[in-house]
Amino acid sequence: FLHSPYFNTNKILVKLFDHLTRKYKGYTNIDENKVFQFIYPGKKVNKKRIRDLSSEMLGLCERFLAEVQFGADAYLLNLNYLKSINSRNIRQNFQNKYRQIEEKLLKKNLDYDYFNNLQFIYKEYLKFCNSYEISSVFDSVNKIRENTLNSSLFEILRFNLGVSFIEYEYNRKIEIIQIEDFLRLSECGKFNLHPILKIYYDLYRANLKFDLNTYYIIKKEFFENKVFMDVTVVKEIMVNTLNILIKNINLLPEPIFSKEIIELLTIMHEEGLFYDNNGYMIFGYFFMYANQLIDSSEFEKANIFITENQSKIVQDRMNIDMINTMYGKLYFKMDKFTEAIESLEKVTNSDVILYLQKKQYILMSNFELGNYIICEQMVLNINKLYTRSKRYTNDSNGFAKFVKYLNKLLLSLYDKESLKKLFIILQNETKFWGKKWLITKINGFIKIKKY
């Protein structure tokens, strides 16, 4: 690139680049004085000249990266060629090239740029028709009109779905585009009937007001049209579907929710959609999939998934803690209570939620092992912790309730009447971590005939 006189006419830059490449690995710790002496031997060091050369080199680096990206994009090359021959009045070549590009675009799997790319060539064709084929202007205008609406609908729906998830995830309201009038316009013109736009349209409606029938329609539409989508659009639709399910978890029966979540996550995993642009597995998907497999009692599959993929995520303290928590949960569900405690003891207190979850599973594991005295001591220490530290007061998952009722259970183990009262109280209690487990344990002690 630097040797090409079309891009670079300064031969000093070639000499500078070759020297830096040979002498400075990674282009770090560069000695400007030595570099100047190499380029201009015997001359006094001129800092301004070094800055000028650096600036010129930076400009060429930027141009090089832009050329590489441009050259890799066949569509941009074709579009610019189309513009070039249009401005030069090469009619036959223009028409042939336009038809080739349009045919390729229409056959291409839909990606984020699909409608925009069509828009650019339609506008170029309109310029051509205005000059040479006035009879085709109206056809060209209609294509631009329809594609503009499709493009706008696609971007607005994608934006609103993304923002609504951010609102849900961070529990804050964001002022978003009001698109109901626009949607009514698209409905009148039936622009929402483009099969993939229809999926986004239905996702938007399901996000506003969820119902299971709409979800199944989206699912059917997705699998029917998946073959026509680029992988980026496939991932975006699946992520949005996943988000809508999670957001409406309380509206779905547990078996249906679990089945649908596992099906979505399995497809995403099998198609390599769990990874970010740097090749790391996105921890949220890793954690969600592993947990769903554990909750669905697919223990062997969960163990294989965690073991095979834990090295593919970013290895920071938080992620390591979450992996040990998952192993603890897995072993607990498999009735391997000693192994569960061993894994959970590795979890630090860097994250409040994980720390509380760790304590809960250690408590339950010790209870299952019959270590009631250890449980009593742990409950005492946890109550002291709540009194001592404000860090644990924001207990959104109800761990404090779990500890309170576990303590009542420990005090009532051999008092059947007290256990029956506790059973009724718990059944009427709001949902919290470990409620189901506590009810099962209390019921088990009630059924014991003799103590």
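## Arg145 in helix H7

Arg145 lies in helix H7, which covers residues 137-170. In this predicted model, Arg145 is partly exposed, because its relative accessible area of 48% falls between the limits of 20% for buried and 50% for exposed. Tyr122 is 23 residues away from Arg145 along the chain, and the C-alpha atoms of the two residues are separated by 9.9 Å.

## Helices H9 and H11

Helix H9 is made up of residues 195-208 and helix H11 of residues 231-247. Their axes are 10 Å apart, and the two helices pack at an angle of about 20°. Angles under 35 degrees count as roughly parallel, so H9 and H11 are roughly parallel to each other. Their crossing is left-handed.

On the H9 side, the contact involves Ile196, Ile199, Tyr200, Leu203, Ala206 and Asn207. On the H11 side, the residues they meet are Val233, Glu236, Ile237, Asn240, Thr241, Ile244 and Lys247. By class, the residues of this contact between H9 and H11 are eight nonpolar, three polar and two charged.

## Asp202 in helix H9

Helix H9 also holds Asp202. Asp202 counts as buried because its relative accessibility is 8%, and the limit for buried is under 20%. With neighbours within four places in sequence left aside, Asp202 is in contact with Thr214, Ile217, Ile218 and Glu221.

## The nonpolar cores

The largest nonpolar core has 115 residues. Within this core, Phe402 and Leu406 touch the most other members. Helix H17, residues 352-368, gives the core its largest share, with nine residues. In soluble globular proteins, nonpolar side chains tend to be buried together.

What is Leu406 in contact with, leaving aside its neighbours within four places in sequence? The contacts of Leu406 are Leu363, Phe367, Val379, Trp437 and Leu438.

## Helices H17 and H21

Helix H17 also packs with helix H21, which consists of residues 435-447. The axes of H17 and H21 come within 12 Å and cross at roughly 15°. This angle is under 35 degrees, and H17 and H21 are therefore roughly parallel to each other. H17 passes H21 in a left-handed crossing.

H17 contributes Met364, Phe367 and Glu368 to the contact, while H21 contributes Trp437, Lys441 and Phe445. The contact of H17 with H21 has four nonpolar and two charged residues, and no polar ones. Phe367 of H17 and Trp437 of H21, both part of this contact, are also among the residues in contact with Leu406.

## Loop residues with positive phi

Ser297 is found in the loop between helix H13 (283-295) and helix H14 (299-309). The phi angle of Ser297 is near 65°, a positive value in a residue other than glycine.

Asp335 is found in the loop between helix H15 (317-333) and helix H16 (337-344). Although Asp335 is not a glycine, its phi is positive, at about 65°. Is Asp335 buried or exposed? Asp335 is exposed, because its relative accessible area is 55% and the exposed class begins over 50%.

Conventions. Residues are numbered from 1 along each chain as its sequence is written. This is a predicted model: local features need pLDDT of at least 70, side-chain atom pairs count only at pLDDT 80 or more; totals for chains, interfaces and linings use all residues. Side-chain values use heavy atoms; hydrogens and water are left out. A nonpolar core is a set of buried Ala, Val, Leu, Ile, Met, Phe, Trp, Tyr and Cys residues joined through side-chain atoms within 4.5 Å. Buried means under 20% relative accessible area, exposed over 50%, partly exposed in between (1.4 Å probe, protein chains only). Helices (H or I, at least four residues) and strands (E, at least two) are DSSP runs, numbered from the N terminus. Contact means heavy atoms within 4.5 Å. Axes are lines fitted to C-alpha atoms, for helices over the stretch in contact, and angles run from 0 to 180 degrees between N-to-C directions. Angles under 35 degrees count as roughly parallel, over 145 as roughly antiparallel, 65 to 115 as roughly perpendicular and the rest as oblique. A crossing is left-handed if the near helix is turned anticlockwise from the far one by less than a right angle, and right-handed if clockwise. Ala, Val, Leu, Ile, Met, Phe, Trp, Tyr, Cys and Pro count as nonpolar, Asp, Glu, Lys and Arg as charged, and the others, Gly among them, as polar.
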